[in-house]
Every structure is written in structure tokens, then in C-alpha cells.
Amino acid sequence: NFSMPSIGAVGAYLHRPKYSVGADYEFADWGLRNVGDVTDHLSFRNTSAVRVGGQYTPNPGDVRNALKRFTYRAGLRWSQNYLVLNNEPFSDVALTFGVGMPLRMTGLSNVNLGLELGQRGTMRGGLSRENYLKFTIGFSFFGIEDTAAAFDEFLFDRIIDRRHNGDRLLRRTDHTVIKGFGEQHTAYRHF
């Protein structure tokens, strides 16, 4: 028989306009709920996990330098595995790094890139240790109606607008400003 554990966790998070930091601790009672297999030298143990991390956005409203609108992230994670093999417990430790790139000048939709460098396992008891590198990509979309516009602005830096201001053709830039509820104004540059 195999039973899922009860899990308890506690954490703290501090958020400021340019940065956020957080930490959490998690406990799971695997060992209390499951009996191991003596023939296969397999047993279960209660586990703990600790995670700390933070993120920093240099200037969320900068209209001239996109790199200052990016959110840079880093973290550290340590966790115990619930299995004990050959009477040897093992754990997983990892450093994580990431960057969130906004799809638009304003709004919450973004592309997230992550990199994790870790190690799990142990060399004791005839077991093995694994070093790993994991790359992730994620998309966050807020507002269904803005999804097409977000991709449009993310993939195409400048788009020619068909409007004319006098005899000058205008080009849309990434200087989009939101005013009021749903009322969108776009800044234009003459060329």
C-alpha cells in the first residue's frame, strides 16, 4: 500500500516595487504513512524542503531601455527525497536563475526564461549522484483580448501605422501608455 502524505508549509514574502524576496519551509510525513520493502532495501522517510529566492526589476516604467523593465530572478532550493535506498537517504539541491521579459510596455503578460543547476542523489551505499541542468520557458498572458497585441509588439519592434499626421507618416513605438479603464493611448514618433 502507498499513501500520499500530509504536507505542512510555512513561508514569508516581502514585496517592494523594484524587488521581492521570499522563503518557505515544507514538511511531509511520508515515513509515517508508508511501509518500505525490506527485500528491495527500500523505505520511506519524512521529508523537509527549504526554498529561498528573490527578484529584481531595475525600472519597471523605463520607456528607453527594455533591459531595465526585465525582471531578474535567483533562488536556492534544498529538498530531501522521500525514498531511502540501501539505508541511504538522499536529497536534491539546486541554484535557479531566471528572467521575465514583458511582452508590452505596460501590462503583466511576459515571457519567462529559467535555468536550474542542480545535484541529486548520493554516492554512498552503491547509489549514484546526478548533476543536472534544466532550461525552462514559460508564457504568462493576462487579458485574452490583449494576447494578439502583446505578441504583435513583442515580435515586431516597429510597425508602420497607416495614419498620417499632415504629410508625415507615423511609426508606432513601444511607448504605450494606459489611461483610465481600457482606454489605450499609443505614442507616435515622426520619421
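Arg124 lies in the loop that runs between strand E7 (110-121) and strand E8 (129-140), and this briefing describes a predicted model. With a relative accessibility of 46%, Arg124 counts as partly exposed.

**Surroundings of Arg124**
- Apart from neighbours within four places in sequence, Arg124 is in contact with Glu88 and Pro89.
- Asn86 is 38 residues away from Arg124 along the chain, and the C-alpha atoms of these two residues are separated by 9.1 Å.

**Asn112 in strand E7**
- Asn112 belongs to strand E7, and its side chain is joined to that of Asn110 by a polar contact of 2.9 Å.
- When neighbours within four places in sequence are left aside, the residues in contact with Asn112 include Arg73, Val99 and Gly100, as well as Thr136, Ile137, Gly138 and Ser140.

**Aromatic rings**
- The count of aromatic pairs comes to three.
- One of these pairs, formed by Phe44 and Tyr82, is stacked, with 6.0 Å centre to centre and 5 degrees between the planes.
- This pair links distant parts of the chain, since Phe44 is in strand E3 (residues 42-44) and Tyr82 in strand E5 (residues 71-85), 38 residues apart.
- Phe44 is buried, at a relative accessible area of 17%, whereas Tyr82 is partly exposed at 29% relative accessibility.
- The pair of Phe70 and Tyr72 is tilted, because the ring centres are 6.4 Å apart and the planes stand at 45 degrees.
- Phe70 is buried, with a relative accessible area of 16%, while Tyr72 is partly exposed, with 34%.
- Trp30, Phe44 and Tyr82 are linked into a cluster by ring pairs.

**Charge over a ring**
- The charged end of Arg120 sits over the ring of Tyr132, at 4.3 Å from the ring centre.

Terms used. Residues numbered from 1 in each chain as written. Predicted model: local features only at pLDDT ≥ 70, side-chain atom pairs only at ≥ 80, totals over all residues. Heavy atoms only, no water. Helix = DSSP H or I, 4+ residues; strand = E, 2+ residues; numbered from the N terminus. Buried < 20%, exposed > 50% of the residue type's maximum accessible area, 1.4 Å probe, protein only. Contact = heavy atoms within 4.5 Å. Polar contact = N/O pair within 3.5 Å; in protein donor to acceptor, adjacent residues only side chain to side chain. Phe/Tyr/Trp six-rings, centres within 6.5 Å; stacked < 30°, edge-to-face > 60°. Lys NZ or Arg CZ within 6 Å of the ring centre and 35° of its normal.
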